[in-house]
Structures are given as structure tokens and as C-alpha cells.
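Good morning, and thank you for joining this group meeting. Please look at the sequence and the model while I walk through a few parts of the fold.

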Amino acid sequence: MTLVTDTASLAALCDRLARERFVAVDTEFMRDKTYYAKLCLVQLAGAEEAVAVDTLAPGLDLAPLYGLMADPGVLKVFHAARQDVEIFVHQADAVPAPLFDTQIAAMVCGFGDAVSYDRLVRGLTGVRLDKTSRFTDWSHRPLTPRQVDYALADVIHLRPAYERLHRRLEKTGRLDWLSEEMAVLTDPATYRVAPDDAWRRLKIRSTKPKFLTVLRELAAWREREAQTRDVPRNRILRDDALVDVAAQMPQSPDELARSRAFNRDSSNGKTGRAILEAVERALSLPKDQWPTLPEPAEAPQGRQPVADLLRVLLKIKCEESDVAPKLIASSDDLDAIAASDDADVPALKGWRREVFGEAALAVKHGRLGLVYDPAKDRVTLVEVPG
């Protein structure tokens, strides 16, 4: 049996898998026309079997699957887990746990930033996966045998990939390096977007409180609309149009019609009226309820070259330690370290400080230098005499 379509078979499968030390998990879903991902298939692999669960099968109760995902005695192994986990949080109101993400583990093991599943499997097992069905319509029924085989490959090879990654992490003593990232992945708050916080994900240039207040109200309105109607945010109003309306702060249909995304008819329609009401709500708030953002901090004079040196240093140290730079520090983190020795960034804490942070501070204060070695054709580190 490779495709489960009834509740009794699913319950029996989950009972068997509950005896496993770990289960490989993957999902297939569609999201191009909805706000919430439409779960179409769940693939599960134990030591002796790999099965796809047809989540769209009529009458199928997914409670046994949700029970397995919540079983604390079974490790759930995903690759690039965030979107998969988000689906379970939405549908079952629980994060699959305990959880292991092979993409994050691969970053610790030197496979680079956000390595793809097929590249990871090829690197660890030598198997080349067939990805020709990657863009198939998983909501269409019936599923073809080729579709099912393709989907199952994503968990069949995930098991040996996990085992080999785990052995590497044990051998190098790096299992603890994953704890911070796994904590983020297993926190339900990671997957919940409160409408009043939706404005924070937008790319904005102004930090004026009045603008931010209108933007917050408009983004919250759009988020609630998208959630209620289960459509993508941009089907309601595109990001750039939302920011433009917030900047214009229209208070009448005629003023709204001057925005790029509206004309006289649409500004008088249902969406136009809802936008004007959101702007009115925002402008009626007292100033002590306006949100604020700190002004972008300008790096102290002369610190930009320091940040540039730290970028080179990060590459060197990550190559030495065989770990992905993205896992150590972002570009903003490096700017923060260049500006302050006490920057509140992960790179100056825990294992990241050992790998990179101490050396970063040494470079910043002239105790460590970067020089080009023509014999090795690379930049190397040298201690600078005190």
C-alpha cells in the first residue's frame, strides 16, 4: 500500500509509525490561489514502509496523522520544514514535535545556505532524484502512479540523509548548534501572523509615526480580508499599492482615485470604502497609540570598511569550520558588530562567538589582520603584534 485514502488505513499506519524512532515527513500543497496552503498530500516514511496520505480523499479523518505529529516519542524529520509545519499549525493547531530540519542541519555540516533537497540527497547518498513533477497540480484527482512515486521519493531518501547528517553532527559535536533554530521552528508563534503586526513584513522607507499608523491599519485590514476570504494578500491589494495609499492618506474617494491602484470607480467600490474607513480609523487614534520605529542607525564614521572586512572574515571562518555563513551572521549583524562590540546579535553569543565572533572583534580592534597570500591564492589571517 503506497496511497492511503480511508481513516481506518490511516489509523493503522500511524499506529505502526508511532513505534518508530523517527519518521520522515513531507507535504504537497497548493497556495497560488489561497491565503492558507491547501494540503493535498502527506508523505510518511518509516524504516520498512513509505506511504502517501491523500488528504483530499472524501471522508478521510486526519486525526490519527495529527496524533502522530504530536507524539513526543517520535522524531519528525523534515527538509525545509517551515511551510510544512505552518500547514499543521493551521489545521491541527499544533507544531509537529520533536522536529529535525535537514536543511538547517546541512547548513551546520557545510552544504551552504538553504541547500535544496535533491542536492542534499545527491551529496549524502549519491542518488539523483527525478524532479520533473515538481510543478504538478497536486489538487487534481486521481493522482497518477508517477505523481505518487515522485512524492514518496521525498521521504524515502530523507531517512538515510537524516541518519548521515546526524552521524556527522554527533562526530563533530555540533548537535547543540541546531537547538536555537529548532526552538524557532517549534514555536507556534513563528507561524501566526496577527493582523495588527502584518505591517512589519512590508518594505518601507519612512519611519514617520503618522505614516506607520495608517500603514498598520491598512495592513491589518488587508490581512483580515485575506484570512477571511482565504485568498492571497495581493489579491486584496498589492504591497506597493498598500504602501502608496498609506503615504497618501486619502480621506475621500477622489483622493483615493489619485493612487496608482485605483480609479474613480474602484475608489467608490467596496474595497475603496474599506480602505478609506481604515485610514479614518488610523487618523483618529491618539498619538500615544501611534507605532514607532527607530531611525536607521548610521554607522560611525570609518566603520563601513570594518564591516567590509568582517564580510571577508565571515567567509574565511565559515570555510574553515565548514558551516553556512547565513547561519552565523547576516549583513545587518556584521554592520551592528562594526558599530558596537556589544551588539545584540547571535554572532557574538554561544558557539557562533567561538566560530566567528571573537575573531570579528579581534579584526575590528586590530589584533587580527587579513592578508592575501599569493602562494595559496587566498586571504589568510595573521596576528598583529601588540
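Helices (H or I, at least four residues) and strands (E, at least two residues) are DSSP runs, numbered from the N terminus. This is a predicted model, in which local features need pLDDT of at least 70 and side-chain atom pairs count only at pLDDT 80 or more, while totals for chains, interfaces and linings use all residues. Residues are numbered from 1 along each chain as its sequence is written, and side-chain values use heavy atoms, with hydrogens and water left out.

I begin with Arg21, which sits in the loop between helix H1 (7-17) and E2. Is Arg21 buried or exposed? Buried means under 20% relative accessible area, exposed over 50%, and partly exposed in between, with a 1.4 Å probe and protein chains only. Arg21 has 56% relative accessibility and therefore counts as exposed. Contact here means heavy atoms within 4.5 Å. Apart from its neighbours within four places in sequence, Arg21 is in contact with Gly73, Val74, Leu75, Tyr162 and Glu163. The C-alpha atoms of Arg21 and Ser252, which are 231 residues apart along the chain, are separated by 62 Å.

Next, the sheet. Two strands pair if DSSP finds at least two bridges between them. Here 6 strands form an open sheet with mixed pairing, in the order E1-E4-E3-E2-E5-E6. Its edge strands, E1 (3-4) and E6 (99-101), each pair on one side only. E1 pairs with strand E4 (residues 50-54) in the parallel sense over 2 bridges, and Leu3 stands opposite Ala52 in E4.

Why is E2 described as largely enclosed by the rest of the structure? The reason is that 7 of the 9 residues of E2 are buried. E2 and E5 run parallel and are joined by 3 bridges; Ala24 has Val77 in E5 as its bridge partner. E2 and E3 run antiparallel, with 7 bridges between them, and Thr27 has Val42 in E3 as its bridge partner.

Two helices show how burial can be arranged. In helix H2 (residues 63-70), the buried residues are Leu65, Leu68 and Met69. They cover an arc of only 100° around the axis, which puts them on the same side of H2; the arc is that of the directions from the helix axis to the C-beta atoms. Among the elements covering these buried residues of H2 are H1, E2, E3, E5 and helix H3 (82-92).

In helix H17 (residues 331-339), the buried residues are Asp333, Leu334, Ile337 and Ala338. Seen down the axis of H17, they fall within an arc of 140°, so they line one face of the helix. Their cover includes helix H15 (303-321) and H18.

I turn now to the cores. A nonpolar core is a set of buried Ala, Val, Leu, Ile, Met, Phe, Trp, Tyr and Cys residues joined through side-chain atoms within 4.5 Å. The largest one has 96 residues, and Leu10, Leu44, Val53, Leu310, Ile328, Ile337 and Phe356 touch the most other members. Helix H18 (residues 350-364) gives the most to this core, with 8 residues. A second, separate core has 29 residues, including Ala198, Leu237, Phe262 and Val279.

Finally, an unreviewed UniProt entry carries the annotation "domain: HRDC" over residues 208-289. UniProt positions are given in the numbering used here, feature names are shortened, and annotations may be inferred rather than shown by experiment. Over residues 208-289 the chain is 71% helix and 0% strand, with its end C-alpha atoms 13 Å apart.
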